Amino acid sequence: MGAMSARPNTEAAAQQAENTAPHRAGFACFVGRPNAGKSTLTNALVGQKVAITSNRPQTTRHTVRGIVHRDDAQLILVDTPGLHKPRTLLGERLNDVVRTTWAEVDVIGFCLPADQKLGPGDKFIVKELAGIKKTPKIAIITKTDLVEPRALAEQLLAVSALADELGFEWAEIVPVSAVKEEQEGGRSPSNKGGGGRGAGQVSLLADLIAPLLPESPPLYPEGDLTDEPEMVMVAELIREAALEGVRDELPHSIAVVVEEMLPREDRPADKPLLDIHANVYIERPSQKGIIIGPKGKRLKDVGTKSRKHIEALLGTPVFLDLHVKVAKDWQRDPKQLRKLGF
């Protein structure tokens, strides 16, 4: 009898400890080869589409912060471009952004896809991470829904052995699957299949990161999901839609700049409309036809698709005006890079 009555007290004590536990807040970033699942993971954790996701390497150009609000912690995710051996000036700038970010965050998550062997690119990154002494590092095995348990176990062992080899220890090694449902931009409980399982694993990841953050009150207001300026996020959504049909032909040649976002005048308060004027820049005149498509069909599709995502993001109806312009060899020209926001 006595043993039974002790149980509720233990629960009460745990509850009390939980209530007095200090709130934590801080920054984490996911690193890994391009296309290791970093942006998808950010979106799954935040529960809303904030970083551009694409099955092409090197599509994240901006440091997009997703904000995870919890009772006990606030996790601010900084999404860096993939680290890679630079071939252009843009590539070098992206790598600088990565290293600067690593030096400023509280936790680093190294993403490694479950369905790809540890390659030279991964070893290059982990070697760089080994040089960052104080920051806790978590190894995250992504895309676990694509492999059998045995292959996953081998990957977990391989990533653990790599840290041993380089003389450091992972704070955690976590397998996750941030699958389709999160990419679609929400986590509706009604979605059946792998997505639900992924969501569970993703929230486990947040549970593991939270205690590694410094004690701090929340750094952002409750409703914020990202501190990216809206114009930058809108440009990212347009760029993602523009990439959709032409990944093979123009993977890195597309940049988008939103010139202005203005509420349409003379609209009744209950029927607002936001006018967005944006330019899609490519590097050569010959690429113009690829983006516009036969009879303008492709550009029209880009507009329709991105408008839907923009309206969901901003919560208001949008009129989107898109123009395609040539910025000759912009990736190699410092002046153009600045103009396009890099």
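Colleague: Are Phe-168 and Trp-170 buried or exposed?

Modeller: A residue is called buried under 20% relative accessible area, exposed over 50% and partly exposed in between, with a 1.4 Å probe and protein chains only. In this predicted model, Phe-168 and Trp-170 are both buried. For Trp-170 the relative accessible area is 8%.

Colleague: How many aromatic pairs does a search of the whole structure find?

Modeller: Rings of Phe, Tyr and Trp (its six-membered ring) pair if their centres lie within 6.5 Å; planes under 30 degrees apart count as stacked, over 60 as edge-to-face and the rest as tilted. The search finds two such pairs. Phe-110 and Trp-170 are stacked, because their ring centres lie 5.8 Å apart and their planes meet at 10°. Helices (H or I, at least four residues) and strands (E, at least two) are DSSP runs, numbered from the N terminus. Phe-110 belongs to strand S4 (residues 107–113), while Trp-170 lies in the loop between helix H5 (149–166) and strand S6 (172–175); the pair thus links distant parts of the chain, 60 residues apart. Phe-110 counts as buried, at 1% relative accessibility.

Colleague: Why is the pair of Phe-168 and Trp-170 edge-to-face?

Modeller: The planes of these two rings stand at 75° and their centres are 5.0 Å apart, so the pair is edge-to-face. Phe-110, Phe-168 and Trp-170 form one aromatic cluster.

Colleague: Which charged end sits over the ring of Phe-168?

Modeller: A charge sits over a ring if NZ of Lys or CZ of Arg is within 6 Å of the ring centre and within 35 degrees of the ring normal. Over Phe-168 sits the charged end of Lys-137, 5.6 Å from the ring centre. Arg-264 places its charged end over the ring of Phe-319, 5.5 Å from the centre.

Colleague: What is phi for Asp-266?

Modeller: Most residues other than glycine have a negative phi. Asp-266, although not a glycine, has a positive phi of about 60°. Asp-266 lies in the loop between strand S7 (255–263) and strand S8 (274–282), and is exposed, with a relative accessible area of 79%.

Definitions and conventions
Residues numbered from 1 in each chain as written. Predicted model: local features only at pLDDT ≥ 70, side-chain atom pairs only at ≥ 80, totals over all residues. Heavy atoms only, no water.
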